[in-house]
Amino acid sequence: MVKKLKQNGFILWVIISVIFAVLIHILFSIKAPVCWLEAKWSAGDILTYASGVSLGLLAMWQNQRFKEENDKSQERLEKLTIQANELNIIDKIIENETRKLQEAQKSLDDFCDACEFSTISGLFMQSNGNDVMIVEKMRSHITTINRLYAQLERIIHGNHSEDAQKCFREVTKAADCAINLCYFFENWKEKDITDNKYVTDYYKKYKSALWARAMFLNIQESKLNMILYKNMSLDEIRKELNPEKKDNVN
């Protein structure tokens, strides 16, 4: 379409040029009826003047076209720069979210292993009924549970999503029950391990913590997969990772 317009414009310019030259020829061929209408310029002077004006207009048109093309190129370059910056930011977001997910997975695995009944009871069995060794192992393990809990508080509690908060609540309950279980084994001579509220409560809370852990990690992994495979824009990714901001806007 553009090529056709250019061709038509060139043809029109040739036609106008020919008509203008013929008109000049006719005008200079007719004798002026009065003396003050007699031409002071020759036909060549008129054609030279007209050519100069035409060339000036052509140069102005070319400059305007060059400016328009340059503006379009600059606009395309700015868009490409913005897209490149957004892609770089998205790469950083993916890298950060992947790291956070891996950190959460490892911390939750370590925490759940530390709170596992077999882990705590295994420490008790290793002590072979030595009261001093039992207390030492249980106190040391309580320290381990608290350390892992502090890690999860930093990783999960800082995430304000509903699934993260629910997971942290269940983790808190599981940590309390696991610590109570350690204290229970410290006083094993005074307790009945087959019928104790610590053990019963422990299994209930630990199971809930495992379920909340699975839900939290599954949701976080789904969000990461969405960013990786859904071809989302930077704004869409930010809204997805900050649901509380999205809710406030709505």
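1. Helices (H or I, at least four residues) and strands (E, at least two) are DSSP runs, numbered from the N terminus. Ser-127 is buried, at a relative accessible area of 3%, where buried means under 20% relative accessible area, exposed over 50%, and partly exposed in between (1.4 Å probe, protein chains only). Leaving aside neighbours within four places in sequence, Ser-127 is in contact with Met-133, Ile-134 and Lys-137; contact means heavy atoms within 4.5 Å.

2. A word on where this comes from: it's a predicted model, so local features need pLDDT of at least 70 and side-chain atom pairs count only at pLDDT 80 or more, while totals for chains, interfaces and linings use all residues. Residues are numbered from 1 along each chain as its sequence is written, and side-chain values use heavy atoms, with hydrogens and water left out.

3. Now the overall picture. The chain has eight helices and zero strands, and buried residues make up 26% of its 250 residues. Among contacts between residues at least 6 apart in sequence, 69% join residues at least 24 apart.

4. Next, the inside. A nonpolar core is a set of buried Ala, Val, Leu, Ile, Met, Phe, Trp, Tyr and Cys residues joined through side-chain atoms within 4.5 Å. The largest one has 48 residues, and Phe-111, Ile-145 and Ile-156 touch the most other members. H5 gives the most to this core, with 13 residues. Take a look at Phe-111: not counting residues up to four places away in sequence, its contacts include Ile-145, Leu-148 and Val-171.

5. Phe-117 and Phe-185 make a tilted pair, 6.1 Å centre to centre with 50 degrees between the planes. Phe-117 lies in helix H3 and Phe-185 in helix H5, so the pair ties together parts that are 68 residues apart in sequence. Phe-117 is buried at 16% relative accessibility, and Phe-185 is buried at 1%.

6. On to the charges. A salt bridge is a side-chain nitrogen of Lys or Arg within 4 Å of a carboxyl oxygen of Asp or Glu, and the count comes to nine. In one of them, Asp-109 pairs with Arg-213, the closest N and O atoms being 2.2 Å apart. Asp-109 lies in helix H2 and Arg-213 in helix H6, so this pair ties together parts 104 residues apart in sequence. For Glu-75 and Lys-79, the closest N and O atoms are 3.7 Å apart; both residues lie in helix H2, four residues apart, about one turn of the helix.

7. Leu-55, Leu-58 and Trp-61 make a nonpolar surface patch of about 320 Å². Patches are made of residues with over 30% relative accessible area and no salt bridge: like charges are joined within 9 Å, nonpolar side chains (Val, Leu, Ile, Met, Phe, Trp, Tyr) within 5 Å. Leu-55 lies in helix H2 and is exposed, with a relative accessible area of 55%.

Definitions and conventions: Rings of Phe, Tyr and Trp (its six-membered ring) pair if their centres lie within 6.5 Å; planes under 30 degrees apart count as stacked, over 60 as edge-to-face and the rest as tilted. Accessible areas come from the Shrake-Rupley method with a 1.4 Å probe; for residues, only the protein chains shown count as cover.
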